[in-house]
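Dear colleague,

Please find below the structure that I am handing over to you, with its sequence. My findings follow directly after it.

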Amino acid sequence: MYQQVPMVEMDGMTMVQSSAILNYIATKYNLYGKDTKERLLIDMYTEGMTDLYELFLQLVIAAPAEKDAKVAFLKDRAKNRYLPAFEKVLKSHGQDYLVGNKLSKADILLVELLYMVEEFDASLLAGFPLLQALKTRISNLPGVKKYLQPGGQRKPLPTEKMVEEARKVFKF
Amino acid sequence: MYQQVPMVEMDGMKLVQSRAILNYIATKHNLYGKDTKERLLIDMYTEGMVDLYDIILHLPLTPPDQKDAKMAQISERTKDRYLPVFEKVLKSHGQDYLVGNKLSKADILLVELLYMIEEVDASLLASFPLLQALKTRVSNLPNVKKFLQPGSQRKPLPTQKMIEEARKVFKF
């Protein structure tokens with residue numbers, strides 16, 4: 001549609017745009033809440049997660065001179081803005097999942113993000129016991145466990161080398 | 001939640017994150033399609049619109065020596081990637097609205113985008129008759145008509161002067 005990836009073919013359709021694809025799959029597999037209010041909460045949480053995720057991506061493509069500042073900024077945002085927000089949600093209701101006492105796309109995206117944070121700087125997770133517990137709990141779900149094993153479909157963050165290659169191929 | 005704007009107080013809740021807010025309001029007012037498949041189409045279209053919107057929004061932030069290149073990019077993306085997609089959608093079913101023969105958030109966001117494009121360079125709309133017709137049609141809906149009148153809540157694109165002010169206040 002827009003000559004871009006990602007693009008997913010399923011259910012007889014060609015889907016583009018990550019948010020659209022994720023929302024469709026989440027709805028199909030009952031991972032998007034049971035009503036409008038739950039969907040709202042899931043959206044508020046996942047949009048914040050996307051903001052933090054964006055900082056990781058910016059770090060990967062940052063020029064060497066900017067890297068230190070970007071690293072400091074990411075650490076500050078993770079520790080002082082985003083992780084506290086999600087820890088607070090879990091604390092507020094004491095349930096095993098972020099929304100509606102049931103697994104949703106919010107939990108899955110959060111755990112993916114927590115793995116990224118841990119790989120970046122494990123000490124960032126130190127002050128967030130409930131997030132650590134969620135990470136363990138979700139990682140033990142059968143589908144997720146398999147996905148996380150070596151050789152599973154999980155992709156690593158792009159490395160500097162991959163970005164250089166991409167710059168040459170796509171001319172940016 | 002994340003110490004940011006926009007934030008909207010409604011229905012006894014504090015909503016944050018633009019997408020979450022828009023999705024909630026759209027659902028509440030039946031502007032988000034009648035089922036999962038219509039919601040998917042609306043998401044695919046609106047996410048593309050947001051991509052173009054982001055590029056145009058960055059124009060006032062562009063340093064003077066890069067402005068020509070940025071304008072060229074905007075022209076190219078608008079005329080060759082994004083507007084053809086939406087024109088094609090309208091052509092494919094010949095209906096008055098993008099999805100489900102009914103007004104949705106996709107039509108509203110598209111018309112807002114078309115106004116922005118027109119303000120940047122009106123000639124970019126020249127070869128898209130169905131989009132121009134949609135723009136006229138949606139602009140004549142009573143509430144939209146009121147919104148487009150001077151003195152309404154519609155905000156203009158940020159100017160160079162406003163950006164300078166913001167840089168001083170928010171230190172970026």
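B:Asp107 is placed in helix H4 of chain B, which covers residues 105-121. Please note that this is a predicted model. The residue B:Asp107 is buried but takes part in no salt bridge. Its nearest side chain of opposite charge belongs to B:Arg137, 6.9 Å away; a salt bridge requires the nitrogen and the carboxyl oxygen to be within 4 Å. When neighbours within four places in sequence are set aside, the contacts of B:Asp107 are B:Tyr97, B:Leu98, B:Lys102, B:Leu134 and B:Val138.

The axes of H4(B) and helix H3 of chain B (residues 67-93) come within 12 Å of each other and cross at roughly 145°. This crossing of H3(B) and H4(B) is left-handed. On the H3(B) side, B:Met71, B:Ser75, B:Thr78, B:Leu83 and B:Phe86 take part, and they meet B:Leu110, B:Leu114, B:Ile117, B:Val120 and B:Asp121 of H4(B).

B:Glu119 and B:Arg154 are joined through their side chains, at 3.6 Å from N to O. This pair links distant parts of the chain, 35 residues apart: B:Glu119 is in helix H4 of chain B, and B:Arg154 is in the loop between helix H6 (142-147) and helix H7 (160-170). B:Glu119 counts as partly exposed because its relative accessibility is 49%, and B:Arg154 is likewise partly exposed, at 24%.

Which chains does the salt bridge of A:Glu47 and B:Arg19 join? The side chains of these two residues meet at 2.9 Å, N to O. A:Glu47 lies in helix H2 of chain A (residues 36-61) and B:Arg19 in helix H1 of chain B (residues 18-28), so the pair joins two chains, A and B. A:Glu47 counts as buried, at 12% relative accessibility, whereas B:Arg19 is partly exposed at 29%.

Within chain A, A:Asp11 forms a salt bridge with A:Lys28, with the closest N and O atoms 3.0 Å apart. A:Asp11 sits in the loop between strands S1 (7-10) and S2 (13-16), and A:Lys28 in helix H1 (residues 18-28), 17 residues apart.

B:Glu9 has B:Lys14 as its bridge partner, and B:Met10 stands opposite B:Met13. Between the strands there are 2 residues, and B:Asp11 takes a positive phi near 50°.

Yours sincerely

Terms used:
Residues numbered from 1 in each chain as written. Chains lettered and ligands numbered in written order. Predicted model: local features only at pLDDT ≥ 70, side-chain atom pairs only at ≥ 80, totals over all residues. Heavy atoms only, no water. Helix = DSSP H or I, 4+ residues; strand = E, 2+ residues; numbered from the N terminus. Buried < 20%, exposed > 50% of the residue type's maximum accessible area, 1.4 Å probe, protein only. Lys, Arg positive; Asp, Glu negative; His and termini not counted. Contact = heavy atoms within 4.5 Å. Pairing = 2+ DSSP bridges. Axes fitted to C-alpha atoms, helices over the stretch in contact; angles between N-to-C directions. Left-handed = near helix turned anticlockwise from the far one by under 90°.
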